[in-house]
Amino acid sequence: MILVLGGTGEARELARLLQESGVRFESSLAGRVARPRMPEGAVRIGGFGGVDGLRAHLRNAGVTAVVDATHPFAAGITRNAAVACAAEGVPLLRLERPGWTEHQAAASWHWVDDHAAAALAAAALGSRPFLTVGRQSLARFTGPLGESDALVRVVDAPDVELPPRWTVLHSRGPYDAASERELMDRHGVDVVVTKDSGGKHTVAKLDVAARLDVPVVVVSRPPSPAGIATTPDVEASVAWSLRHDL
């Protein structure tokens with residue numbers, strides 16, 4: 001039994017390929033999105049209850065290996081998976097999409113360590129920010145950007161009260177350059193704020209910002225646990241899973 005910690009496009013692609021390969025697996029979703037895109041195969045939704053809960057699940061479900069294909073900023077479950085798998089002697093592979101550090105404009109971006117720093121940087125760079133940082137981080141921006149005309153793009157409704165001048169757009173990618181250009185022009189965006197999620201689905205805003213010479217603030221990824229085998233390749237993750245499907 002392979003446990004896939006999912007919630008990303010890479011996790012859904014992995015689930016599809018594992019299903020085709022006849023591998024016995026289960027995908028786990030955190031349940032933080034109201035209408036998640038469901039992967040193929042068996043799915044469980046909800047947290048494990050920390051490291052102890054995850055260890056119990058590994059034992060009770062007879063899990064022989066874990067693929068952590070969660071979002072690059074889901075640091076909590078990635079850390080818990082590393083600790084739980086080490087304690088139970090269960091092999092662990094991290095499937096992580098490449099970040100945007102190699103983007104042609106990356107050297108010109110304002111890289112920061114966390115969302116609080118991103119809010120301060122954005123406030124210094126513009127008055128009409130485009131926030132694409134996820135709903136769970138918005139509380140860090142309401143103070144420094146409370147008087148700005150911010151455009152906020154989220155999948156689900158924010159769970160904090162937002163400043164009255166902010167505009168909330170409920171949307172889910174992927175996005176193309178033409179639609180991102182139209183959106184940024186319509187709202188007069190003068191600074192883009194995002195995090196180094198990586199991938200192709202949401203990179204268009206960064207391409208457009210580079211063309212328009214709009215400054216970009218990027219939150220760097222949290223550090224990964226040391227000593228964990230990592231790959232950006234879904235096919236390699238399938239091959240690894242086949243070897244551990246005991």
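**Helix packing and a buried serine**

User: Which strands do the buried residues of H4 pack against?
Analyst: They pack against strand S6 (110-112), strand S10 (191-195) and strand S11 (216-219), with contact meaning heavy atoms within 4.5 Å. Helices (H or I, at least four residues) and strands (E, at least two) are DSSP runs, numbered from the N terminus.

User: What sort of model is this, and what are the pLDDT limits?
Analyst: It is a predicted model, where local features need pLDDT of at least 70 and side-chain atom pairs count only at pLDDT 80 or more, while totals for chains, interfaces and linings use all residues. Residues are numbered from 1 along each chain as its sequence is written, and side-chain values use heavy atoms, with hydrogens and water left out.

User: Which residues of H4 are buried?
Analyst: In helix H4 (residues 115-125), they are His115, Ala118, Ala119, Ala121 and Ala122. Buried is under 20% relative accessible area, exposed over 50%, and partly exposed in between (1.4 Å probe, protein chains only).

User: What caps the N-terminal end of H4?
Analyst: Asp114 does, with a side-chain oxygen 3.3 Å from the backbone nitrogen of Ala116.

User: Other topic. How do the axes of H2 and H3 cross?
Analyst: The axes of helix H2 (residues 50-60) and helix H3 (residues 75-88) come within 9 Å and cross at roughly 50 degrees. H2 and H3 are therefore oblique to each other, a class left over once angles under 35 degrees (roughly parallel), over 145 (roughly antiparallel) and 65 to 115 (roughly perpendicular) are taken out.

User: Which residues make that contact?
Analyst: From H2, Gly50, Val51, Leu54, Arg55, Leu58 and Arg59; from H3, Ile77, Asn80, Ala81, Val83, Ala84, Cys85, Ala87 and Glu88.

User: And how do H5 and H6 cross?
Analyst: The axes of helix H5 (residues 177-186) and H6 come within 9 Å, crossing at roughly 60 degrees, and the two helices are therefore oblique. Ala177, Glu180, Arg181, Met184 and Asp185 of H5 meet Ala204, Lys205, Val208, Ala209, Arg211 and Leu212 of H6.

User: Where does Ala210 sit?
Analyst: Ala210 is in helix H6 (residues 204-212). Ala210 is partly exposed, at a relative accessible area of 35%.

User: Last one. Is Ser148 buried or exposed?
Analyst: Ser148 is buried, at a relative accessible area of 8%, and it sits in the loop between strand S7 (129-132) and strand S8 (151-154).

User: What does Ser148 contact?
Analyst: Leaving aside neighbours within four places in sequence, Ser148 touches Ser127, Pro129, Arg165 and Trp166. The Ser148 side chain also reaches the backbone oxygen of Leu145 at 2.7 Å.

Technical notes
Polar contact = N/O pair within 3.5 Å; in protein donor to acceptor, adjacent residues only side chain to side chain. Axes fitted to C-alpha atoms, helices over the stretch in contact; angles between N-to-C directions.
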